[in-house]
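Hello,

Here is the structure I said I would pass on. My notes follow below it.

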Amino acid sequence: MGEERPARKHRRRVVALVSGFLVLALLTVVMMPNSSPVGHWDGREGHERFVRAYTEAFQEMPEPEETLDVRTNHGIVRVHRFAGSTDREHPLVLLPGRASASPVWAGNLPSLLEVGDVYTIDLLGEPGMSVQERPIEDDEDQASWLHQTLRSLPEDGFHLVGLSIGGWTAVNLALRRPEPVVGLITIDPVFVFADIPLGTVVRSLPATLPWLPRSWRDGFNSWTAGGAPVEDEPVAEMIEAGMQHYTLRLPQPTRIGEEELAGLDVPVLAIIAEESVMHDAASAVEVAERALPEDATVNLYPGASHAVNGEHPHRIAADIADFLSERG
């Protein structure tokens, strides 16, 4: 799928790192007292800042064939459809990390579109173009809105590709509403194969408060991505705007148990970053290899950080293509 130019690789890594770490940091914000039962913006000015950043970041994406706003019981979900270069029957559905949205996949889409058609989804209840209208109270609600979204699309089955908290979201759906899921790809997921280390919890705390200096969040972002510097990129600005101006009202995800993993009835590809600070990679690999069904594939990426999707977009696409080809 081609070699990646060093400059672009570095840029993608910087962009990707910002989306990855928020899985934990914003959990503290979720639990802060607030009168609203749904995620919301702090005002028009903050929302407009985010929309400008989202629009600019989206310009780095291929042109979508279609953009949909899908109504579900919990709100309206923004979905973008991109036409791939093959006629694979079941498209990929990309689920981003916490406090990020579709533009975080800009570096991945060119190579993933060689695999097949792609949908990207702005997670409901997160900063993005989706609009939460009713409370999301538990893991069942998280599965419900995504299930309704997929059922509104014309295809009868999908390969879910989840990054970080998006990986948990994909597994949660496959366990609770498996009908539209024909394949499951998790990219350094959290709350799936291992717990988040206490050290990461402690180190994230200064980055959880939107009124603190941006440099505090940038420092934590860089740490999660193996020391890569945070640059003033459109996706980074989009995520920063979401962090500052959007309040999440989401439940903390429940850690997926090994018995649940063993009960997954779809093919699974688990990609785990060796240097991820979101879990102990060795333990995560051990659990994945032990608990997942025998036909699952577990790939450890040596030297990769939690920003693995930005560091290795071509390798991820190639692994996904091989995984799908081996299973027809």
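**Contacts and salt bridges**

The side chains of Arg98 and Glu126 are joined by a polar contact of 3.0 Å (a pair of N or O atoms within 3.5 Å; within protein, one must be able to donate a hydrogen and the other to accept it, and residues adjacent in sequence count only if both atoms are side-chain atoms). Arg98 sits in the loop between β4 (92-95) and α4 (109-112), helices being DSSP runs of H or I with at least four residues and strands runs of E with at least two, numbered from the N terminus. Arg98 has a relative accessible area of 2% and is buried (buried is under 20%, exposed over 50%, partly exposed in between, with a 1.4 Å probe and protein chains only).

This is a predicted model: local features need pLDDT of at least 70 and side-chain atom pairs pLDDT 80 or more, while totals for chains, interfaces and linings use all residues. Residues are numbered from 1 along each chain as its sequence is written, and side-chain values use heavy atoms, without hydrogens and water.

The structure holds 14 salt bridges (a side-chain nitrogen of Lys or Arg within 4 Å of a carboxyl oxygen of Asp or Glu). One of them pairs Arg176 with Glu140 at 3.6 Å, N to O. This pair links distant parts of the chain, with Arg176 in helix α6 and Glu140 in helix α5, 36 residues apart. Arg176 is partly exposed at 35%, and Glu140 is partly exposed at 29%. Asp139, Glu140, Arg176 and Arg177 are linked in a network of salt bridges.

Another salt bridge joins Glu48 and Arg44 at 3.8 Å, N to O.

Regards
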